[in-house]
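Keep the structure in view as you read.

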Amino acid sequence: MDVRAAAEIYRLPEECVAYAISLTTPGDACHSSAVSPAFRAAADSDAVWARFLPADHAAVLARADEPVGCASKKELFSRLCDRPVLLDGATMSFGLERRSGAKCFMLSARALSIAWGDDPSCWTWTAGHPGSRFPEVAELVDVCWLEITGKLQLSLLTPRTTYAAYLVFAVADDSYGLECSLGIPPPKATVTVVSGATKPTARTEHAICLHHMQGEEEVAVHRRKQVFMRLRKDYGRKLTREADPDIRCPRRRADGWAEVEMGEFAVAGEEGTVVVSLKELDCRRWKRGLIVQGIEIRPKHTS
């Protein structure tokens with residue numbers, strides 16, 4: 001582009017520049033503001049950032065526990081990316097993904113169905129846990145039947161988007177029964193999409209590791225066959241764990257909590273429900289020390 005053509009662009013009305021920028025992405029809009037003062041005015045305008053906000057954002061924010069006041073659409077977008085808003089009596093949070101503007105939700109532990117969750121000998125509810133966005137978290141006291149399920153209406157999510165569900169948790173210092181052990185089946189996570197009142201239209205299932213968090217080295221160990229000898233007084237017993245190339249291992253989040261991916265799904269239309277479950281039912285080993293903040297559902301990117 002020569003100098004004359006560039007000068008012609010700068011003479012375009014701000015409304016035209018704003019419309020062109022609104023057809024890009026939030027990141028492109030931020031970069032555009034560095035081109036010139038004229039581009040900055042257009043890139044920061046409400047006309048641009050209204051296009052990046054979800055069409056139903058006002059209806060969702062009407063459910064907020066506290067009013068969300070922002071001076072501009074851009075400020076509101078940034079606020080929702082940086083600090084999710086609590087909804088429905090702090091049982092859910094709502095935010096946006098900065099890269100695409102797609103909606104993100106987290107179901108609090110109180111919004112989940114937890115087997116034996118109302119029995120204080122099995123689970124306790126702790127207020128004010130450090131780093132939690134919700135007032136309460138659930139802490140496992142002692143169970144041999146682990147089952148946690150969350151549900152979310154697909155109509156709340158951004159259409160034509162691939163999402164992933166993540167268990168957001170911590171492990172107490174006095175935990176037991178959560179480690180991956182030879183001869184003991186790991187917990188299973190399932191993500192099921194049910195369209196309307198019909199049968200499930202999509203379902204994924206993965207083995208989950210909750211206790212180890214050592215990056216790619218830990219993942220590599222899980223993904224190859226392991227054989228050990230358990231010594232007895234007069235004999236040894238061979239234990240084998242088959243390779244699992246698809247096991248999901250946890251990682252540390254920026255907020256200090258851990259998360260493990262439970263599965264992914266695509267939002268094609270608006271009708272239906274996604275059901276996310278974590279279960280360890282078969283081995284019946286007793287376990288303690290899992291601290292559950294919630295299940296987060298956010299866009300998944302492959303690159």
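The side chain of Glu97 makes a polar contact with the side chain of Ser100, at 2.4 Å. A polar contact here is a pair of N or O atoms within 3.5 Å; within protein, one must be able to donate a hydrogen and the other to accept it, and residues adjacent in sequence count only if both atoms are side-chain atoms. The model is predicted: local features need pLDDT of at least 70, side-chain atom pairs count only at pLDDT 80 or more, and totals for chains, interfaces and linings use all residues. Residues are numbered from 1 along each chain as its sequence is written, and side-chain values use heavy atoms, with hydrogens and water left out.

Glu97 sits in the loop between β2 (92-96) and β3 (103-108). Strands are DSSP runs (E, at least two residues), numbered from the N terminus. Glu97 is buried yet has no salt bridge. Buried means under 20% relative accessible area, with a 1.4 Å probe and protein chains only. A salt bridge needs a side-chain nitrogen of Lys or Arg within 4 Å of a carboxyl oxygen of Asp or Glu. The nearest side chain of opposite charge, Arg99, is 5.4 Å away. For charge, Lys and Arg count as positive and Asp and Glu as negative; His and the chain ends are not counted. Beyond four places in sequence, Glu97 touches Phe77, Cys81, Ala102, Cys104, Pro299 and His301. Contact means heavy atoms within 4.5 Å.

Now the open sheet. Its 5 strands follow the order β4-β7-β15-β9-β10, with antiparallel pairing. Two strands pair if DSSP finds at least two bridges between them. β4 (113-114) and β10 (200-207) are the edges; each has a single partner strand, so one side of each lacks a neighbour in the sheet. β4 is joined to β7 (residues 146-153) by 2 bridges, and Ser113 stands opposite Thr149. β7 then pairs with β15 over 8 bridges, where Gln153 faces Thr273. On to β9 (residues 188-194): 7 bridges join this strand to β15, and Thr190 stands opposite Ser277. How many residues of β15 are buried? In this strand (residues 273-280), 7 of 8 are.

β5 (residues 123-127) and β6 (residues 136-140) run antiparallel over 5 bridges, with Thr124 partnered by Glu139. β6 is also antiparallel to β16, through 2 bridges; Ala138 has Val292 as its partner there.

β16 (residues 288-299) also holds Gly289. Gly289 counts as buried because its relative accessibility is 0%. Its C-alpha atom is 5.5 Å from that of Val171, 118 residues away along the chain. Beyond four places in sequence, Gly289 is in contact with Leu140, Ala170, Val171, Ala172, Ser175 and Leu178.

Last, the cores. A nonpolar core is a set of buried Ala, Val, Leu, Ile, Met, Phe, Trp, Tyr and Cys residues joined through side-chain atoms within 4.5 Å. The largest has 61 residues, and Trp123, Phe265 and Leu290 touch the most other members. Strand β14 (residues 258-267) contributes the most to this core, with 5 residues. Beyond four places in sequence, the contacts of Phe265 include Leu154, Tyr163, Val191, Val274 and Ile297. A second, separate core has 8 residues, among them Ala170, Ala172, Trp257 and Ile291.

Definitions and conventions
Helices (H or I, at least four residues) and strands (E, at least two) are DSSP runs, numbered from the N terminus. Buried means under 20% relative accessible area, exposed over 50%, partly exposed in between (1.4 Å probe, protein chains only).
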